[in-house]
Structure formats: structure tokens, C-alpha cells
Amino acid sequence: ALIAAGIAAIIILDKYFKKIYELNQIKAQLSGGKKAAPRRTPFEESIEFELYNMDFEELFSDDVEIQNAIYTGPNSQIYVFQHKSDQKRFILKVIEKQNGIQYNFDVLNSLDHPNIAPMVKWREGEKYYFIVKAYAPGRDAYSLVKENGPFNVTDALKIIRQLCDALSYLHHQDPPLICRDVKPNNIVLDEALTLSLIDIETLRKTSDTRDSDTFIVGTKGYA
């Protein structure tokens, strides 16, 4: 009975708001003003709808299939795609736009370092950014330490050297680049402990004309 009453209430409210919307449309026409913008459906507000209108032939090829979503957060989602012909994987990262946060995607396109997961292409939509990146095989350092305990000294030094080399590469760009979300979750290691630094979309160019080059982004408790 409660469920039926809830459904009935929803139907009544929906009819009420539709009537209010129609009255506002008529009011705008009578007053000579512009017509109110038509309401967008939930699907039209979705990632899928916006992605469908993007120029992403890589995602809509008959040779490509989506495998799974490996991360869903408050402002971003990450999906794994795979080519049927050669089984090669790649990543689609979707970032919701937020006031005050700017990205340097064109800079990411130009990076070329063996320990930084490269970007293939990016597109800007109305509400989201869409980034296609190479797939980094392996597992993140956080999960490995949580499962197996701390790395031994030899392995830790191997990982740190690679991480420092990747960060040094970014710092020696012109202008230097700051990676603002370095944390174990963003350090992927394969079976040979070859490192891939991922999720560096929040990196920022430094500037000689500003007293402060960055503001707090990323994850609390990490660089």
C-alpha cells in the first residue's frame, strides 16, 4: 500500500510540474520574451548521450567493445575498452567539469616517457571531458602493499627511481609541469615492477608571473 501511494504521489507531482512548465512557456510567449529552454531528459544529461555526439571513431568501431568500468567516483569515471582483433586495451576517462579547475590536455598529448601512461586523444563536451589513454597493465602500488605488505628495499628503490625519473621529466618541460596527484593508487606496476604513472590530468604548468602556481587538488594526504 505504501509503495502504491508513493507511485501515485510521484505521478501527481510529475503532472503538477509539467503544468507549471507549460504555464511558464505560455507566460513567456505572452510577455514577448524568449521561450523557456526545453527540459532535457535524464538521458540527455548523461555521459552516454554526450559521448554519442563526440567525434570518437575509436570507441564506435565494430572492432571495439567495452569491457568494464574500473572506477566510478564523484567527478570521474574510468572504462576499459578492448580491440577484438588484437585484444589490445585502452582507457576512456570521463571527467565532469568543475568551476575553478582547468586542465592542460594539449600538454598531455605531447608527453613521451616510458613511465607515463600516454594520452591518445581528448574531446570536450558540454558537461564532461573525454580522454582516451593507453592501458597500463598491472596493479596499483596501494593494492599490492595492502595485499602483500611493504616492498623490500630492492624493489622499493626500483620503483622510486622510475617515479623520480618520470617526475624529473615533467619538471624539465618548458614550462615545468607539476603533477598534483602523486599517490600509490596512481602508480601501476607490472610483474617486473615496471612503473606507469597514471591519472596525471590534473598536472599544471608553472608560471614566472604568479606567486602561486597551483591550488589544492587530487587526494588529501598525498602530494
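This is a predicted model: local features need pLDDT of at least 70, side-chain atom pairs count only at pLDDT 80 or more; totals for chains, interfaces and linings use all residues.

Residues are numbered from 1 along each chain as its sequence is written, and side-chain values use heavy atoms, with hydrogens and water left out.

The chain has six helices and ten strands; these are DSSP runs numbered from the N terminus, with helices (H or I) of at least four residues and strands (E) of at least two. Of its 223 residues, 35% are buried, where buried means under 20% relative accessible area, exposed over 50%, and partly exposed in between (1.4 Å probe, protein chains only). The accessible surface comes to about 14600 Å², and carbon and sulfur atoms account for 56% of that surface; areas come from the Shrake-Rupley method with a 1.4 Å probe, and for residues only the protein chains shown count as cover. A contact is a pair of heavy atoms within 4.5 Å. Among contacts between residues at least 6 apart in sequence, 56% join residues at least 24 apart.

The largest nonpolar core has 28 residues. Such a core is a set of buried Ala, Val, Leu, Ile, Met, Phe, Trp, Tyr and Cys residues joined through side-chain atoms within 4.5 Å. Those touching the most other members are Phe105, Leu170, Leu189, Leu197, Ile200 and Leu203. Elements giving two or more residues to this core include helix H4 (105-110), strand E5 (128-134) and helix H6 (153-171), and H6 supplies the largest share, five residues. Apart from this core lies another, of twelve residues, among them Ile47, Leu51, Val64 and Phe81. Leucine 170 touches Leu111, Ile116, Pro176, Leu177, Cys179 and Leu203, when residues up to four places away in sequence are not counted.

How does the length of H6 fit its residue count? At 1.5 Å a residue, its 19 residues should span 27 Å, and the end C-alpha atoms are 26 Å apart, which agrees; the expected span is 1.5 Å times one less than the number of residues. The buried residues of H6 are Ile159, Gln162, Leu163, Ala166, Leu167 and Leu170. They cover an arc of only 130 degrees around the axis, so they sit on the same side of H6; the arc is that of the directions from the helix axis to the C-beta atoms. An α-helix has 3.6 residues a turn, so residues three or four places apart point the same way. The face turned away from the buried side carries the exposed residues Val153, Thr154 and Arg161. Cover for the buried residues includes strand E7 (177-178), E8 and E9. Glutamine 162 counts as buried because its relative accessibility is 13%. Leaving aside neighbours within four places in sequence, glutamine 162 is in contact with Asn115, Leu193, Thr194 and Leu195.

Some backbone positions remain. Most residues other than glycine have a negative phi, and most peptide bonds are trans. Aspartate 174 and proline 175 are joined by a cis peptide bond, with omega about 0 degrees, and proline 175 lies in the loop between H6 and E7. Glutamine 87 has a positive phi, near 65 degrees, and is partly exposed, with a relative accessible area of 47%. Phi of aspartate 199 is also positive, near 55 degrees, but aspartate 199 is buried, with a relative accessible area of 16%.
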